[in-house]
Structure formats: structure tokens, C-alpha cells
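Reader: Could we go through this structure together? I would like to start with how its parts pack, and then turn to the ligand.

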Amino acid sequence: MNYVTIDQVTKGYENQVVLNDISLTLKKGEFATLLGQSGCGKSTLLRSIAGLEGVDVGRILIDGKDITNLSPRQREVGMVFQSYALFPNMSVFDNIAYGLKMKKVKNIKSKVKNMIDMVDLIGKEESYPHQLSGGQQQRVALARALVMEPKVLLLDEPLSALDAKIRKSLQKELKRIQKELDITTIFVTHDQEEAMTMSDRIFVMNKGKVVQSGSPSEIYTSPVNTFVAKFIGNYNVCNMEVFHKLVRSTELKGNEVAIRPEVLQLVSAGEDSLDLQENWGIKGVIKDVSMTGNVLRYEVETDESAFLVDYLHHRGEMFEQGARVHILVPKKECIIL
Amino acid sequence: MKVDGNWFNERTVKPIPKLLENKEEREVLRKIKKQKIYLLALLLPFILFVIGFEIGPLVAMIKNSFYADNGIQVTIDQYITIFKSKFYLQAIQNSLVISLFSAVTSVIIAVIAAYSITKFSQKIQNRLLMIANMTSNFEGIPLSFSFIILLGNNGLFTLLFSKIGGDVFADFNLYSWTGLILVYIYFQIPLAIMLIYPSYQGIKKQWKEASSLLGGSTLSFWLHIGIPVLLPSIVGTFSILFANSMGAYATAYALVGSNYNLLSLQIASLVASDVALKPQLGSAMGVLLAATMIGAMWFNERMMRRIRRDLR
Ligand SMILES: Nc1ncnc2c1ncn2[C@@H]1O[C@H](COP(=O)(O)OP(=O)(O)O)[C@@H](O)[C@H]1O
Ligand SMILES: [Mg+2]
């Protein structure tokens, strides 16, 4: 049933454990993402699956076969690197055909043509890598990996070197191709937004461990710890004692409480029709307002700590810096960690 | 006001009179002009140097080669003399053979040696390069004498091995064709390593990884990607080595004197010997020497473009 199995994999360099007892499984055709900050071991895990790094402990299985000790060329996996890694002396066509030539398969020409069609590079067959844009180069790299019909496609931050607009469109295209070929894919990124939009399943990594796995919405709405809460959704994470003081109630128990910025509401201090049945109210002052496109982000200073409050940017409605407000905290949106 | 290249271009290519009347802008233009002249002035010594010591002698040599021995009549006799003389043709042939042979051998050795150097730690790499750098400057008479002391008829190793009983150097004669080639290769290798080593830095680890994931072996990586990527540097190095040994004079002179018939030795004896000075003939041979070097470079370039079509 499981197509890819990582079984208690551990790996270290000199005096540092980089992968710490990692276990995870993927189903066939799944688009999984390894998400985590730079240096948490994402690339190392991916490279271990590819066979470019060995593991110290544990097993890796693909399609029921133990591949832990196979060389990269025996593993039937494809990989795309952040730096494209195209062969500079070969044309687009030859880059894509390279693997097929190594395998001495038939119909190289038509296979390559189909692939060039799929990644939308018709007319560029005879171009060389240095004549292509970053986005085009990455399409070639993708085609070069896919033409081999690998069992698993590994993508190590393939879009991180591209500018925002091209990145967005390539995200969509990558997703389309992945669905079309129904290929099991492991995608690495440090960008939570990218992970959210692309993945069927996300594995959040921190310091060489998988700290949470689940669908994008599971991860977003119910983070299991402070790290995930802060990394995934800019959650306001508040110490429980502090929270008790702020809301003058000890109803909630636990260590910390996490609240998403977009569930909070702001009400002018003068207003007295507060719904304190469903919400808690916290007094505060607007310290800063910033705008990220369609979202207005308020930083609200309270007696104990600062809260982020996100609003969709509607015309006319805006609190000024320095305004006195109440923050309404919906009780059912409080996540206890 | 911001003065960048763009601004300057727009205004000079398509001057807008109204703007140029602006005093401030005229001032800026004047300053740029002044700066340009200033930069040219700084370049002047270099230009004079190139003209005086490189282009000048070259032109003089070419001109000289078209004069008769008396230096008055204009003629192509000097070239006819060379092409009719078995002796001179032999010199050209010998020079070509020894240069080709030593350049090819040195390049092959250097490609392998430079690669092994990249496998050491950075510290050791730096040390090895320093040694290569020093030894690449070790040529000419000192080098010949070192070889004579070590491998000559009464050389250290020659005597040592004959004492020990190993007849390794029994058939070896330093003052022969083999000896000459050995010395040439010796002084070419460090230079070749110095020239080829940096291009290994241009080979990305990810190319190897991609190749292996696509089913390529180490050999196929080097065959299809590694060597082609190194090729421009290999070809360039080969051209330099070829020219280097075509023109090598002091090393050969110290080792074999005029016993061995080489182009560079013949030119020297025609322009600077105490027997029969024939500077016009020497010049003609010099022109032929330069022509072979240019020919070799041209040929190398062409061959490279065939393989590296991406470089156009
Ligand atoms: N070849 C190596 N030698 C020593 N340490 C390494 C090596 N490769 C990676 N590391 C270390 O392993 C950790 C994880 O690296 P990596 O997997 O590249 O992280 P990520 O891809 O999540 O940014 C980092 O702390 C890095 O310094
Ligand atoms: Mg990485």
C-alpha cells in the first residue's frame, strides 16, 4: 500500500546529527512536501532517497524494494536541483535525451519530443542552457528527470531561484504535470505558502526530525507545537500565565495558547457592545500597520505582549496607529499547545 | 544629477539642444570627456610598450624577411632558401615533432594530475599549486644543468644506479632526442597543471550527481560532460605549450648545443652567432615559426568549436 517508506533513518556528519530517526510513508501518486527552515535536513533526506548520500541507520523502500544500499543509477528516481544542473555543453534536446541514451532505450527521439511538448519548450530543442531563462532551464531539468519515467520524482527547492511571478506559474505547471503523470513526488521547500498550495501532504521538519505531518489544512489549523504554529501561520503564541492575566480568566489550561492572526477582530475602545460570550477581550493600542497586498497587518501592543491581527484590506476601514482598541479572541479558535 | 552610462549615451547619440544649453549638464559632459582623456593617458605607457617591444619587432622581422642578404633588394629568396634546404626543413620538422609530442604528453599528464590535485584538502591543494607555480618558472639553462647533474653521463642518478647495479639508465642518453623530450615535458607539465587546474573548479558536483541519477557511469560523465567542459581550457593550454616549446631556446641550447637541429637554435645561430650572420634568413625563419604557432592555434580553435557547439 505504501509506495515510499522511510524507516527510522538517521544520519550524521562528523559531530552533528542531521537526520534524527525519521520515519514517513507516501502513497503512490502523492505530492508530498518536506517543509522546514534552512539547515533542518531537508536536502539531506532527499539526497539520501536519491542515493547521493548514504544513511547511518534505517531503511528506505520504494515500491516494496529495499533501495538503501543501491547506487543512484539503480534506484529509478529522478531529481531536480535548485541550481538546475543542466549539462552546459548539450542542447536542450541532448540534455533530455542523456538518460535515455545511457539506458540505450528505443524511440529516444519521440520520447524526448513528447517531454518537450509537456514542459512547453517547443522550439527550444536546439538551444543551449545559457541561452535560456531560469524558468526555462528548470523546465528542461524537469523534463530530463521525467523522461526516464522514474518511480519517484525528487525536487530540491526547484523554484527558489526564480522570481515571484515565474515561480507562481511554474508551481501551477508542476502541479499539472504531476497530476497528469500521476507521479509520486517529494518536494522540498522552506516556503510555507508554496508548500500549502502544492502539496497533498506536508511533512514539517525541524532540526532533523519530522515534527508534524498532515494535509495542508490540518497543519495550518491544528499545529502540534509552538514551532509549527509560528512557522506555518504566523500564529500568535502566548504563554498561558500571561494569557490568563490578559483575559482575566483561568478557563484555559496548558502551557501556551496559539491563535491565528486572521481570526482576531479589532473593535474601537469606545464601543461597548462586545460579545464576551463567545470571545475574550484584550485591551491594546495599535503600534504598527503594514500592508502586504490584500492583507492589512496590525501589530497591537497589550499590557503583556504584542499580537498580530490580519484583516482583508477593505476600502475605508482602517485603524490608525496609536488607536486604542479591544482585541476580540474567539474562544473556539484558541489552540492549546 | 545622476550620471550613468545610459544617460550619457542618450545625450551624446541624440543631443537635445535645449538640454545641452543647460549649464549644469554641459559641465557634466565636459567632465566625462575629461575623464576619458585621463584614462587614455594612463593607458599610453602600456600602448607604447606593446608597440615598442611587440608589434615593432614583429613588423621589423616580417619586413626583414623579404630582403636579400645584402639588405637592399626586396625578394622572397629567403623563403625559397628555407624550403629548398633539407637542413632547414629538418629543423622545422624536428621542432614541430618535439613540440607536438611534448605538448600532447604534458596536457594528458596535466589533465590527470590537476584532477588528482582537486581531490586533496584545500591546504594541500594550495601547497601543490605553489610547487607547480615555482617549477613552471624553472626552465632554460638552470633546468638543463639540473638535469645534467642528475641524469647526465656522470649524473648523480646515472652513477648511483650503475653502482647499485640497476641498469635503468644504461641506455639513456640525456643529450639525445629522448633526453631533450624528457626535459621539455618536465618544464611543460607544471605550466600545464597551472593552466588546467582552475577549470576543474568550473565542473559542478551536481552535474555528476545528475548524470549518475540518469544512469550514467563515471566514465560516461567524463566522456560526455567533464572533458567537453574542460575542452576550451585543454585546447588553450595545448596552444600555449606548443608555442612555448616551439620557441624554447635556452634549455635546448644548454643541453644539446648545436648538435641538435631545431628551428629556434637555427634562428639564434643566424642572428647571433659568431660564424655567419644572416639576419634576413633568420627573420624569414622567425616568420615561419610564428606562422606555425598561429596555425596551431587556429586549428585548435576550430576543432574545439566542432565539439563545443554551445560556444559558437
Ligand atoms: N557534506 C556535509 N558535511 C557536513 N555537514 C553537512 C553536509 N551537508 C549538510 N550538512 C549539514 O547538515 C545540515 C542539514 O543540511 P541540509 O540537509 O542541506 O539542510 P536544508 O536542505 O534543510 O537546508 C546543515 O546543518 C548542514 O550544515
Ligand atoms: Mg537544502
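Reader: At what angle do the axes of helix 4 and helix 5 of chain B cross?

Author: In this predicted model, the axes of helix 4 (residues 77-84) and helix 5 (residues 86-118) of chain B cross at roughly 80°. They come within 5 Å of each other.

Reader: Is helix 4 of chain B roughly parallel or roughly perpendicular to helix 5 of chain B?

Author: Angles from 65 to 115 degrees count as roughly perpendicular, so helix 4 of chain B is roughly perpendicular to helix 5 of chain B.

Reader: Which residues meet there?

Author: Helix 4 of chain B contributes B:Ile82, B:Phe83 and B:Lys84. They meet B:Lys86, B:Tyr88, B:Leu89 and B:Ile92 in helix 5 of chain B. By class, this contact has five nonpolar and two charged residues, and no polar ones.

Reader: Now the ligand, please. Which residues surround ligand 1?

Author: The residues around ligand 1 include A:Tyr13, A:Gln16, A:Val18, A:Lys42, A:Ser43 and A:Thr44. The shell has three nonpolar, seven polar and one charged residues.

Reader: Which element gives the largest share of that shell?

Author: Helix 1 of chain A does, with three residues.

Reader: And what lies 2.6 Å from an oxygen atom of ligand 1?

Author: That is a polar side-chain atom of A:Ser43. A polar side-chain atom of A:Gln16 lies 2.9 Å from an oxygen atom of the ligand. For A:Lys42, a backbone N or O atom lies 2.9 Å from a ligand oxygen atom.

Reader: How much of the accessible area of ligand 1 does the protein cover?

Author: The protein covers 62% of the 560 Å² that ligand 1 has on its own.

How values were computed
Residues are numbered from 1 along each chain as its sequence is written. Chains are lettered from A and ligands numbered from 1 in the order in which they are written. This is a predicted model: local features need pLDDT of at least 70, side-chain atom pairs count only at pLDDT 80 or more; totals for chains, interfaces and linings use all residues. Side-chain values use heavy atoms; hydrogens and water are left out. A residue is near a molecule or strand if one of its heavy atoms lies within 4 Å of it. A polar contact is a pair of N or O atoms within 3.5 Å; within protein, one must be able to donate a hydrogen and the other to accept it, and residues adjacent in sequence count only if both atoms are side-chain atoms. Accessible areas come from the Shrake-Rupley method with a 1.4 Å probe; for residues, only the protein chains shown count as cover. Helices (H or I, at least four residues) and strands (E, at least two) are DSSP runs, numbered from the N terminus. Ala, Val, Leu, Ile, Met, Phe, Trp, Tyr, Cys and Pro count as nonpolar, Asp, Glu, Lys and Arg as charged, and the others, Gly among them, as polar. Axes are lines fitted to C-alpha atoms, for helices over the stretch in contact, and angles run from 0 to 180 degrees between N-to-C directions. Angles under 35 degrees count as roughly parallel, over 145 as roughly antiparallel, 65 to 115 as roughly perpendicular and the rest as oblique. Contact means heavy atoms within 4.5 Å.
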